[in-house]
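Hello,

Here is the structure I promised to pass on to you. Have a look at it first, and then read on for what I found in it.

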Amino acid sequence: MTWSDEELVTRSIGGDVESFNQLVLRWERPIYALAYRVIGREEDARDVCQETFLRAFRALSGFRGQAKFSSWLYRIALNLCRDWVRRQRRTPVVQMPEDVDIVELAAAREPVESIEDVVERHDLTRAVEKAMAKLPEEQRTAIILKEYHGLTFQEIADLAGCPLSTVKTRLYQGLAVLRRELGKSE
Amino acid sequence: MAEQHCIYPDRESVLVAYLYGDDIATVDRVTFDTHIATCERCRTELADFRDVRSNLAQWAAPEAARAHKSTVVTPARWWAAVPVWAQVAAAMLVLGVSASIANLDVHYDRANGLSVRTGWSKPAAPSIAAVAPVADTNATPWRADLAALQKQLREEMRVKSATVVASAAAPVTMSDADVRRVRLMLDESEQKQRSEFAAKLVELQKDVYVQQQYDIARVYKALGLMSTNTSAEMASQRKAISLAFPPK
């Protein structure tokens, strides 16, 4: 039987650790992807992901269900990412080790995909990463939450603690920067 | 080229809402549909943003599971449910009992500073020992029991260690069947290692081949780019020459 997030939370609060583990398994991938795209470093993204679940576990009894569990989790993860960015005091730069990446990428390619396609895809990915790294943190976060996590404008506004109109402006400005940056790399 | 002017109200917000199909009423959508049919600036921007979105879709985060440090929590220890004050009280009790069993003697004076010693390590003092037993036995009758218990434990430990030494010294005998089984296991392990090594070698060859192909593709791409640039450069030079020296 598949439990909903909220049911699993209730069971976890009641002391059922296995239910919390199910929540971890269900949400670790999105949270890790979010952290990776915001801070751009695999190792640190893993740490943020782990810390997110530890904090969630500790604070679970305080979760009252006013928001969705996923939104609550995203909020914890984003706060941790923000702390990380401030601590580092530098623009996040996505790291892609050349030697490892291409082999892994090629190994993961579709059987019908030619080497040229792999190169093309690889170059495009790098261009997107570079362009995303140019965005201010608020715009990057808004775009990540919208594009990769499918959150609504309202959900993003709630997470960012800003008006809905601000979210739209951030998205517009972010897309405009990406349009310019990706246009340069073509 | 100068960008066309557009006075659509709240243009940027509407464009983003239209692009994502989020937070936009049907009537606003239809109105904007009509607008972009006539406004080139909005139409172009919308098309470009759609391209950006399709490019963004190519950016995949690395596999989380591959490098996942286990976040799954283990069940809490039973004492986690016990209040902190009770844990502290229990710790104090254990400490007190241990100190009394060890006959702990904490002493401080200016000359010697702080000294801590257990009753069992006290040096023998015949003059005191001659007098003290009666008083001690009366004061703490359990000490005699403890001394007896300690003696018994030491005896048991001595017996136990003697048994361990004896069993360690005894020669290990293996039956033929055991030897055969061990040999079989060793052979299997060796075979497994060989196959793993071969698989790794094949994988390495494959990686090297892929890397080669990748390098070749990049070189071709760079060469193509260079050739395009050179042609463009030559064309512009030809044009400049023909402008400077027009044919008569």
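**What I found**

Lys68(A) is partly exposed, with 13 other C-beta atoms within 10 Å. It sits in the loop between helix H3 (42–58) and helix H4 (69–88) of chain A. Along the chain, Lys68(A) and Glu155(A) are 87 residues apart, yet their C-alpha atoms are separated by 9.9 Å. Please keep in mind that this is a predicted model.

**Chain A**

Chain A has nine helices and zero strands, so its pattern along the sequence is simply α-α-α-α-α-α-α-α-α. Of its 186 residues, 37% count as buried. If you take the contacts in chain A between residues at least 6 apart in sequence, 63% of them join residues at least 24 apart.

Which of its residues are buried? They are Leu8(A), Val9(A) and Ser12(A). These residues cover an arc of only 105° around the axis, so they lie on the same side of H1(A). The cover over the buried residues of H1(A) includes H2 and H4 of chain A. Just after H1(A) comes Gly15(A), with a positive phi of about 105°.

In soluble globular proteins, nonpolar side chains tend to be buried together. The largest nonpolar core in this model has 56 residues, and Ala35(A) and Ala77(A) touch the most other members. Helix H2 (residues 17–39) of chain A gives the largest share of this core, 12 residues. What does Ala77(A) touch, leaving aside its neighbours within four places in sequence? Its contacts are Ile31(A), Leu34(A), Ala35(A), Val48(A) and Thr52(A).

**Chain B**

Chain B has seven helices and two strands. From the N terminus on, its elements run α-α-α-α-β-β-α-α-α. Of the 248 residues of chain B, 5% count as buried. Among the contacts in chain B with a separation of 6 or more, 36% are between residues 24 or more positions apart.

Helix H2 (residues 26–38) of chain B is worth a look. This helix has 13 residues and reaches 19 Å from its first C-alpha to its last, close to the 18 Å expected at 1.5 Å a residue. Is H2(B) largely buried or largely in the open? The number of buried residues among its 13 is one, so H2(B) lies largely in the open.

Most residues other than glycine have a negative phi. Asp10(B), however, has a positive phi near 50°. Asp10(B) lies in the segment before H1 of chain B, and it is exposed, with 11 other C-beta atoms within 10 Å. The other one is Asp23(B), which is not a glycine either but has a positive phi of about 55°. You will find Asp23(B) in the loop between H1 and H2 of chain B, where it counts as partly exposed with 16 C-beta neighbours inside 10 Å.

**Where the chains meet**

How many residues of each chain are in contact with the other? On chain B there are 34, and they are in contact with 40 residues of chain A. On the side of chain B that touches chain A, helix H1 (11–20), helix H3 (40–56) and helix H7 (176–244) each supply at least two residues. H7(B) gives the largest share, eight residues. By type, the residues on this side of chain B are 18 nonpolar, seven polar and nine charged.

For the complex, the predictor gives an ipTM of 0.81 and a pTM of 0.55. Chain B averages a pLDDT of 76, and 68% of the residues score at least 70. Two stretches of chain B call for care. Over residues 65–70 of chain B, pLDDT stays under 50, and the model has five contacts beyond four places in sequence for them. The pLDDT also stays under 50 over residues 124–137 of chain B, for which the model has three such contacts. Where pLDDT is low, the predicted coordinates should not be read in detail.

Best wishes

How values were computed: Residues numbered from 1 in each chain as written. Chains lettered and ligands numbered in written order. Predicted model: local features only at pLDDT ≥ 70, side-chain atom pairs only at ≥ 80, totals over all residues. Helix = DSSP H or I, 4+ residues; strand = E, 2+ residues; numbered from the N terminus. Buried ≥ 20, exposed ≤ 12 C-beta atoms within 10 Å, placed from the backbone. Contact = placed C-beta atoms within 7 Å. Nonpolar A, V, L, I, M, F, W, Y, C, P; charged D, E, K, R; others polar. Core = buried A, V, L, I, M, F, W, Y, C linked by C-beta atoms within 7 Å. Expected span 1.5 Å × (residues − 1). pLDDT = per-residue confidence, 0-100. Arc of directions from axis to C-beta.
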